[in-house]
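I opened this notebook to keep a record of what I looked up, one topic per entry.

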Amino acid sequence: MIEGGTGGGNTITGLIYEASVELVDYLNQQKDYCVKGIEVLYKGKVVAYTFKKHGLYRFLKTQGVDWKKHISSKLLPDNCIYVIVNNTLFIIEVKSQ
């Protein structure tokens with residue numbers, strides 16, 4: 001941000017938008033999917049985990065993973081989903097312009 005610049009006061013509208021776009025709500029609306037806590041279930045079977053902000057790091061700690069060995073700095077994602085079947089973590093940043 002530029003010292004003495006303008007426009008930064010509107011960032012609160014971005015936070016309102018982020019709160020209205022929720023991954024868990026979307027998944028719960030999909031056929032055969034259900035989210036319970038951090039678990040994403042498909043036809044009753046856990047297929048993924050979903051996290052927000054610091055939740056990712058709490059999960060990694062329970063799995064015995066030292067995130068500092070894999071990520072250069074701590075990310076605080078709006079949403080993130082770990083898909084078990086392909087061992088992939090998707091970080092989702094919600095933006096409105």
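The entries below go from the overall layout to single residues.

**Entry 1, layout.** I note at the outset that this is a predicted model. I counted three helices and five strands in the protein, and reading along the sequence I found the order α-α-β-β-β-α-β-β. Of the 97 residues, 26% count as buried. The protein exposes about 7300 Å², and carbon and sulfur atoms supply 56% of that area.

I then followed strand β3, residues 45-51. Strand β2, residues 39-42, runs antiparallel to β3, and four bridges join the two. Within this pairing I picked out Leu-41, whose bridge partner in β3 is Val-46. The two strands form a hairpin with two residues between them, and I wrote down that Lys-43 in the turn has a positive phi of about 55°. β3 also pairs with β4, again in the antiparallel sense and over four bridges; here Phe-51 stands opposite Cys-80 of β4.

A polar atom of the Thr-50 side chain lies 3.3 Å from the backbone oxygen of Cys-80. Leaving aside neighbours within four places in sequence, I listed the contacts of Thr-50 as Leu-23, Val-24, Val-35, Ile-38, Val-40, Cys-80 and Ile-81.

Which residues make up the largest nonpolar core? I recorded nine in all: Tyr-49, Phe-51, Leu-56, Tyr-57, Phe-59, Leu-60, Trp-67, Cys-80 and Tyr-82. β3, α3 and β4 each supply at least two residues of this core, and α3 gives the most to it, with four. Apart from this core lies another, of seven residues, including Leu-27, Val-35, Val-40 and Ala-48. Returning to Trp-67 of the nine-residue core, I found that Trp-67 touches Tyr-57, Leu-60, Ser-73 and Lys-74 when residues up to four places away in sequence are not counted.

Side chains of opposite charge can pair when their charged atoms come close. How many salt bridges does the structure hold? I found three, and I took them one at a time.

In one of them, Lys-52 pairs with Glu-22, with the closest N and O atoms 2.9 Å apart. This pair links distant parts of the chain, 30 residues apart: Lys-52 is in the loop between β3 and α3 (55-62), whereas Glu-22 is in the loop between α1 (11-20) and α2 (23-28). I noted that Lys-52 is partly exposed, at 39% relative accessibility, while Glu-22 is buried, with a relative accessible area of 17%.

Lys-53 forms a salt bridge with Asp-78, and the closest N and O atoms are 3.3 Å apart. Because Lys-53 lies in the loop between β3 and α3 and Asp-78 in the loop between α3 and β4 (79-83), the pair ties together parts that are 25 residues apart in sequence. Lys-53 counts as partly exposed at 36%, and Asp-78 as buried at 5%.

Lys-31 pairs with Asp-32, with 3.5 Å between the closest N and O atoms. Here I recorded Lys-31 as exposed, with a relative accessible area of 69%, and Asp-32 as partly exposed, at 33%.

Where does Leu-75 sit? I placed Leu-75 in the loop between α3 and β4, and its relative accessibility of 36% makes it partly exposed. Leu-75 and Lys-53 are 22 residues apart in sequence, and I noted a C-alpha to C-alpha distance of 7.6 Å. Not counting residues up to four places away in sequence, Leu-75 touches Lys-53, Tyr-57 and Ile-91.

Definitions and conventions. Residues are numbered from 1 along each chain as its sequence is written. This is a predicted model: local features need pLDDT of at least 70, side-chain atom pairs count only at pLDDT 80 or more; totals for chains, interfaces and linings use all residues. Side-chain values use heavy atoms; hydrogens and water are left out. A salt bridge is a side-chain nitrogen of Lys or Arg within 4 Å of a carboxyl oxygen of Asp or Glu. Buried means under 20% relative accessible area, exposed over 50%, partly exposed in between (1.4 Å probe, protein chains only). Accessible areas come from the Shrake-Rupley method with a 1.4 Å probe; for residues, only the protein chains shown count as cover. Contact means heavy atoms within 4.5 Å. A polar contact is a pair of N or O atoms within 3.5 Å; within protein, one must be able to donate a hydrogen and the other to accept it, and residues adjacent in sequence count only if both atoms are side-chain atoms. Two strands pair if DSSP finds at least two bridges between them. A nonpolar core is a set of buried Ala, Val, Leu, Ile, Met, Phe, Trp, Tyr and Cys residues joined through side-chain atoms within 4.5 Å.
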